[in-house]
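Work through the exercises below with the model open. Try each task before reading its solution.

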Amino acid sequence: MIRVLLADDHAIVLEGLRALLDGEPDIKVAAWTTDGTEVLKLVQQHKPDVVVLDLELTSIKGTAVIAALRDRPSAPKVLVLTAYNDGDSLRSALDAGADGLALKTESPQQTLTAIRQVHGGQLVFPQAARRWIEGRAAGAPGDLTPREREVWSLVAAGLTNPQIAERLGLSDNTVKFHVQHLFSKLGVKNRTEAALKYAHGPPR
Amino acid sequence: MTAPRDAEARAASRRLLATSERELQRIVLDMHDGPVQDIFAALSQLQVLERSLAGDAMAQQRANQAVQLLERALGEIRNFIGAFRPPGFERRALGEIVEGLAVQHETLTDQGVELDLPTDLGDCALPTKIAIYRILQEALANGHRHSGASRQRLTVHRRGSAIALTVSDDGKGFDPQRVLASEADVGVEGGHFGLRGIQDRVAMLGGSFAIDSAPGRGTSLTVTLPAE
């Protein structure tokens with residue numbers, strides 16, 4: 001069962017999505033809110049698997065919510081749902097470290113599909129995002145250490161730092177250190193970008 | 001004694017441009033905040049309804065038709081408002097906006113954009129920024145619709161107090177004089193204003209416009225605009 005938290009300024013969108021999601025056998029809406037500042041509290045309380053979030057929230061920026069969620073030990077997957085189909089939304093979602101982007105100018109069925117995909121560990125972004133990151137990163141992944149390559153593959157698989165630490169038998173701080181080096185060598189800003197880059201061309 | 005009058009006319013053009021841009025921006029925001037949200041919500045509800053009608057084939061078919069109509073309406077809005085500029089435009093630096101446009105073009109068309117953008121491009125006055133956005137958007141759209149090329153090349157550079165843009169491809173090419181003449185009295189259609197529209201915008205801001213193209217020889221559009 002995929003437990004979902006919905007955050008959207010528009011009450012009618014919340015109502016519609018709730019009805020649609022609750023009709024799916026494998027999805028349950030655990031909580032919903034129109035207020036961005038409520039999201040963190042509700043995540044703490046309900047521990048959803050996926051947070052579906054509009055970037056245009058009133059009281060707080062959607063990107064700030066995502067950043068705060070990313071810092072949590074067992075962070076939920078984040079799917080950005082926006083009406084704006086432009087480079088700006090895509091960039092904001094990527095920079096904030098979201099797991100995917102779905103559009104309100106597409107059928108809600110696409111949102112359903114995207115929720116299942118991000119829950120399954122996929123990154124759901126338009127093809128252009130990948131090329132964009134690829135084009136921007138100057139450094140070739142050639143000079144990664146074996147440990148960094150290992151960490152990269154686990155980041156790409158959607159593991160958090162504590163999970164990677166446990167898997168590799170390292171301390172959290174050591175993992176953090178490797179991740180920082182990895183990001184700077186790859187020329188990426190966050191886990192989402194590192195994972196997209198991995199999907200595009202893992203180390204040989 | 002024509003110089004002061006030219007300057008006056010140019011200032012008036014800028015004011016007009018700024019006003020129409022503000023209007024456009026308001027329409028875009030209203031569409032995103034109103035109809036898009038409503039239609040998306042209605043579609044969600046309808047899809048629930050459609051499923052609950054499983055026993056009644058006729059009713060289910062009607063619900064499905066309604067779903068398809070609304071999906072089409074959303075698609076049309078997407079194509080229509082996709083042509084206008086994003087929120088936060090004023091705050092963002094020129095380079096960031098150009099980069100966003102390239103990404104948007106790749107997202108919407110799956111045609112690659114090779115971007116040549118210096119890191120020290122700096123910013124420019126708002127009317128120039130709007131003109132650059134519109135011109136690049138139109139040029140990229142033209143290059144996608146007509147060139148048949150798999151990718152376009154986009155360069156933006158600063159030359160002293162001016163910003164120079166080039167959009168080029170190695171596609172089919174065309175006869176610029178003929179196209180400009182045929183566009184003489186065409187207005188904005190579906191958010192597109194054509195080569196003539198690019199030329200008019202450049203003239204209003206006192207810039208220069210050059211197009212180099214011929215059938216089978218690819219296309220290169222170069223525009224220079226005063227930064228301030």
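**Exercise 1. Two helices of chain B**

Classify the packing of α5(B) against helix α7 (residues 194-204) of chain B, which has an angle of about 160° and axes 10 Å apart. The model is predicted.

Solution. 
- Step 1. Take the angle of about 160°. Angles over 145 degrees count as roughly antiparallel.
- Step 2. α5(B) and α7(B) are therefore roughly antiparallel.
- Step 3. List the residues. α5(B) contributes B:Ala131, B:Arg134, B:Ile135, B:Glu138 and B:Ala139, and α7(B) contributes B:Gly197, B:Ile198 and B:Arg201.
- Step 4. Sort them by class. The contact of α5(B) with α7(B) holds four nonpolar, one polar and three charged residues.

**Exercise 2. Another partner for α5(B)**

Describe how helix α4 (residues 94-109) of chain B packs on helix α5 (residues 126-146) of chain B.

Solution. 
- Step 1. Start with the geometry. The angle between α4(B) and α5(B) is about 25°, and their axes are 11 Å apart.
- Step 2. Angles under 35 degrees count as roughly parallel, so α4(B) is roughly parallel to α5(B).
- Step 3. The crossing of α4(B) and α5(B) is right-handed.
- Step 4. On the α4(B) side are B:Leu94, B:Ile97, B:Val98, B:Leu101, B:His105 and B:Thr109. They meet B:Lys129, B:Ile132, B:Tyr133, B:Leu136, B:Gln137, B:Leu140 and B:His144 of α5(B).
- Step 5. By class, the contact of α4(B) with α5(B) has eight nonpolar, four polar and one charged residues.

**Exercise 3. A strand with two faces**

Solution. 
- Step 1. B:Val113 and B:Leu115 point to one face and are buried.
- Step 2. Check one residue. B:Val113 sits in strand β1 (residues 112-116) of chain B. B:Val113 counts as buried because it has 26 C-beta neighbours inside 10 Å, and the cut-off is 20 or more.
- Step 3. Find its contacts beyond four places in sequence. They are B:Ala102, B:His105, B:Glu106, B:Leu140, B:Arg151, B:Gln152 and B:Leu154.
- Step 4. Look at one of these contacts. B:Ala102 is 11 residues from B:Val113 in sequence, with a C-alpha to C-alpha distance of 6.0 Å.
- Step 5. β1(B) pairs with strand β2 (residues 151-159) of chain B in the parallel sense, over five bridges. B:Leu115 stands opposite B:Leu154 of β2(B).

**Exercise 4. Where the chains meet**

Which helix supplies the largest share of the side of chain B that touches chain A?

Solution. 
- Step 1. Size the contact: 28 residues of chain B are in contact with 27 residues of chain A.
- Step 2. Name the contributors. α2 (35-52), α3 (57-81) and α4 of chain B each supply at least two residues of the chain B side.
- Step 3. α2(B) gives the largest share, 12 residues.
- Step 4. Sort the chain B side by class: 11 nonpolar, 10 polar and seven charged residues.

**Exercise 5. Helices and loops of chain A**

Classify the packing of α8(A) and α9(A), then examine A:Lys47 and A:Asp35.

Solution. 
- Step 1. Chain A has 10 helices and five strands. Of its 204 residues, 46% are buried.
- Step 2. Helix α8 (residues 161-168) and helix α9 (residues 172-186) of chain A pack at about 110°, with axes 9 Å apart. α8(A) and α9(A) are therefore roughly perpendicular.
- Step 3. A:Asn161, A:Pro162, A:Ile164 and A:Ala165 of α8(A) meet A:Asp172, A:Val175, A:Lys176 and A:Val179 of α9(A). By class, that contact has five nonpolar, one polar and two charged residues.
- Step 4. Turn to A:Lys47, in the loop between α2 (38-46) and β3 (50-53) of chain A. A:Lys47 is not a glycine, yet has a positive phi of about 45°. With 13 other C-beta atoms within 10 Å, A:Lys47 is partly exposed.
- Step 5. A:Asp35 lies in the loop between β2 (27-33) and α2 of chain A. A:Asp35 has 14 C-beta neighbours inside 10 Å and so counts as partly exposed. A:Asp35 and A:Asp9 are 26 residues apart along the chain, with their C-alpha atoms separated by 6.7 Å.

How values were computed
Residues numbered from 1 in each chain as written. Chains lettered and ligands numbered in written order. Predicted model: local features only at pLDDT ≥ 70, side-chain atom pairs only at ≥ 80, totals over all residues. Axes fitted to C-alpha atoms, helices over the stretch in contact; angles between N-to-C directions. Helix = DSSP H or I, 4+ residues; strand = E, 2+ residues; numbered from the N terminus. Parallel < 35°, antiparallel > 145°, perpendicular 65-115°, else oblique. Left-handed = near helix turned anticlockwise from the far one by under 90°. Contact = placed C-beta atoms within 7 Å. Nonpolar A, V, L, I, M, F, W, Y, C, P; charged D, E, K, R; others polar. Buried ≥ 20, exposed ≤ 12 C-beta atoms within 10 Å, placed from the backbone. Pairing = 2+ DSSP bridges.
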